[in-house]
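Welcome! Take a moment to look over the chain below, and then we can walk through it together, one topic at a time.

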Amino acid sequence: MNIIKKNDFYYSFKMDIDLNDPEILQSFSQKLLKISKEIDIPGYQKGHIPPHVVITHYRDQIMKEICGEKVDQTLKILLQENQYSYLYYSEFMLKEQKQAEDDQAQMFIHVEVNFLAHEKD
């Protein structure tokens with residue numbers, strides 16, 4: 001993964017998150033279950049909303065949470081390996097979903113992360 005230095009303290013990197021990764025799928029299922037117990041959707045009893053209905057209404061929110069967690073994990077590892085002192089990341093942007101060229105079943109979310117840091121002495 002390539003970290004780009006934009007100025008003295010501002011850096012950026014890009015990554016693809018594989019939506020078929022078992023860790024991502026498990027996290028999605030856990031968040032889906034949690035949300036389904038907490039939300040109210042007219043026409044359904046609270047706690048008994050079918051998963052496909054929850055996905056229809058909350059898919060983007062769940063994916064943003066999962067991507068945020070993955071960005072946090074990746075950023076901590078990258079900064080330790082590259083001798084940076086982590087301050088905070090200012091934003092991450094979910095880019096388009098895309099399919100891998102060699103496998104039509106593989107789906108990715110492209111994430112661009114901007115963060116503030118300084119090099120360790």
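Let's begin at one spot: Ile 109 sits in strand β4. Keep in mind as you read that this is a predicted model. From that residue we can move on to the overall layout, the core, and some charged side chains.

**A residue to start with**

- Is Ile 109 buried or exposed? Its relative accessibility is 5%, so Ile 109 counts as buried.
- Ile 109 and Cys 67 are 42 residues apart along the chain. In the folded model, their C-alpha atoms are separated by 8.5 Å.

**The overall layout**

- The protein has 2 helices and 4 strands.
- In what order do the elements run from the N terminus on? The pattern is β-β-α-α-β-β.
- The protein has 121 residues, and buried residues make up 35% of them.
- Take the contacts between residues at least 6 apart in sequence: 61% of these join residues at least 24 apart.
- The accessible surface comes to about 7900 Å². Carbon and sulfur atoms account for 48% of that surface.

- The average pLDDT of the protein is 77, and 72% of the residues score at least 70.
- Which element has the lowest mean pLDDT, and which the highest? Strand β3, covering residues 84–99, has the lowest at 61, while α1 has the highest at 90.
- Where pLDDT is low, the predicted coordinates should not be read in detail.

**The nonpolar core**

- The largest nonpolar core contains 27 residues. Phe 13, Val 111 and Phe 115 are the residues with the most contacts inside it.
- Which elements each supply at least two residues of this core? They are β2 (10–18), α1 (22–38), α2 and β4 (107–119).
- Helix α2 provides the largest share of this core, with 10 residues.

**Val 53 and its neighbours**

- Val 53 belongs to helix α2. With a relative accessible area of 8%, Val 53 is buried.
- Which residues does Val 53 touch, not counting those up to four places away in sequence? The answer is Ile 41 and Tyr 44.
- For Val 53 and Ile 41, which are 12 residues apart along the chain, the C-alpha atoms are separated by 8.9 Å.

**Salt bridges**

- Side chains of opposite charge can pair when their charged atoms come close.
- How many salt bridges does the structure hold? There are 3.
- One of them joins Lys 31 and Glu 65, whose closest N and O atoms are 3.7 Å apart. Lys 31 lies in helix α1 and Glu 65 in helix α2, so this pair ties together parts that are 34 residues apart in sequence.
- Lys 31 also forms a salt bridge with Glu 69, and here the closest N and O atoms are 2.8 Å apart. This pair, too, links distant parts of the chain, with Lys 31 in helix α1 and Glu 69 in helix α2, 38 residues apart.
- How accessible are these partners? Lys 31 is buried, with a relative accessible area of 15%. Glu 65 counts as partly exposed at 33%, and Glu 69 is partly exposed at 35%.
- Another salt bridge pairs Asp 60 with Arg 59, with closest N and O atoms 3.7 Å apart. Asp 60 counts as exposed at 53% relative accessibility, whereas Arg 59 is partly exposed, with a relative accessible area of 30%.

**A buried lysine without a salt bridge**

- Lys 70 lies in helix α2, which spans residues 51–81.
- Lys 70 is buried yet has no salt bridge. The nearest side chain of opposite charge belongs to Glu 23, 4.0 Å away.
- Which residues is Lys 70 in contact with, leaving aside neighbours within four places in sequence? They are Met 15, Ile 17, Asp 21, Glu 23 and Ile 24.

Methods
Residues numbered from 1 in each chain as written. Predicted model: local features only at pLDDT ≥ 70, side-chain atom pairs only at ≥ 80, totals over all residues. Heavy atoms only, no water. Buried < 20%, exposed > 50% of the residue type's maximum accessible area, 1.4 Å probe, protein only. Lys, Arg positive; Asp, Glu negative; His and termini not counted. Contact = heavy atoms within 4.5 Å. Core = buried A, V, L, I, M, F, W, Y, C linked by side-chain atoms within 4.5 Å. pLDDT = per-residue confidence, 0-100. Areas by Shrake-Rupley, 256 points an atom, 1.4 Å probe, with all protein chains shown as cover.
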